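Below are a few notes for a colleague reading this model. They cover the sheet, its helices and the salt bridges.

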Amino acid sequence: MTAENGNLYKPHIVTVTEVWEETPTIKTFRMVFDDPKVGDNFTFKAGQFGEYSVFGEGEATFCIANSPTRKGYIECSVKEVARMTHGLHLLDVGDKVGFRGPYGNWFPLEEMKGKKLMFIGGGIGLAPLRSLIQNVLDTRKDFDQVDIIYAARCEEEFVYKREIEEWKASSDCGLCLAVDPIPDQVCGDDVRVSFIPPILEEMKPNPKNRIVITCGPPIMIKLVTAKLEELGWPAEQIITTLEMKMKCGLGKCGRCNIGSTYVCKDGPVFTYEQIRSFPQEY
Ligand code: FES
């Protein structure tokens, strides 16, 4: 999308049309472009992100959490952690937000066609995966088997509970839910009490014609990729998305670089093969 009036930093105005309280600290916002022409022409791909501004509070990047196949709006899911996200959490239906984007690269959907897909998400890391999951489920016949493994600290911290119920009831995808094995953990019968690596050890997913797409806390990604490697998975068949440290979203502020790689321009989607080549301190 071209920048408003040729100014890279000038956002489009969007209006909040729905708000969902996902967990005590995470909300999802649906927003619609005020200018219908901008809204009609807006396109993006699963995996891309936007720069959202709360007027008077600041701006921050968040992935676009809905699928490009679900048109007419954009959604983002935000954890309240600091001033800008606190300001965003105070917004309600009818309030205005600034939006720039879409930015960054995207998941290689074309390469995924005909293949088995396994999504592995942790906590709010399900947000960027959700865009791709919706896209895949909306064009289901293009893909082979689809499985979703989703884990959080406890059931209360599951995001997109309404969609999880749909996935549970659907024959279009397999679903495995898990919560951390912490003391006094209480959960439903259909939820495993386990970290993800032991689940993978049990499932032993065959890498043949299959791609894993994972996103979650860094420690989860680290342990998941280590387990997949142990199970014989080639690094190029493991895809993840990084969103940390981004500020401008435009390759200009220099906040997001890992060595010579800019997460905002070269990513945020990377294969594990690419991530393995990043400098050690990452
Ligand atoms: S976010 Fe500013 S350079 Fe990447």
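Is Lys 113 buried, exposed or partly exposed?

1. Lys 113 is partly exposed, at a relative accessible area of 34%. Bear in mind that the model is predicted. The salt-bridge partner of Lys 113 is Glu 110, with the closest N and O atoms 3.0 Å apart. Glu 110 is exposed, with a relative accessible area of 59%.

2. A second pair is Asp 190 and Lys 168, whose closest N and O atoms are 3.0 Å apart. This pair links distant parts of the chain: Asp 190 lies in the loop between strand S9 (174-179) and S10, Lys 168 in helix H5 (residues 161-169), 22 residues apart. Asp 190 is partly exposed at 45% relative accessible area, and Lys 168 is partly exposed at 36%.

3. Lys 204 bridges to Glu 201, with 2.9 Å between the closest N and O atoms. Glu 201 is partly exposed, with a relative accessible area of 28%. Shared partners also join Glu 18, Arg 30, Glu 75, Arg 130 and Glu 163 into one salt-bridge network. The count of salt bridges comes to 21.

4. On the sheet: it is open, has 7 strands in the order S10-S9-S8-S7-S11-S12-S15, and its pairing is mixed. Strands S10 (191-193) and S15 (269-271) are the edges, each pairing on one side only. The twist from one strand to the next averages 20 degrees.

5. Strands S7 (residues 116-122) and S11 (residues 210-215) run parallel over 6 bridges. Ile 120 stands opposite Thr 214 in S11. Helix H4 (residues 126-138) packs on the sheet and touches S7, S8, S11 and S12, at about 155 degrees to the direction of S7. Helix H7 (residues 218-230) also packs on the sheet, touching S7, S11 and S12, at about 160 degrees to the direction of S11.

Conventions
Residues numbered from 1 in each chain as written. Predicted model: local features only at pLDDT ≥ 70, side-chain atom pairs only at ≥ 80, totals over all residues. Heavy atoms only, no water. Pairing = 2+ DSSP bridges. Helix = DSSP H or I, 4+ residues; strand = E, 2+ residues; numbered from the N terminus. Axes fitted to C-alpha atoms, helices over the stretch in contact; angles between N-to-C directions. Contact = heavy atoms within 4.5 Å. Salt bridge = Lys/Arg side-chain N within 4 Å of Asp/Glu carboxyl O. Buried < 20%, exposed > 50% of the residue type's maximum accessible area, 1.4 Å probe, protein only.
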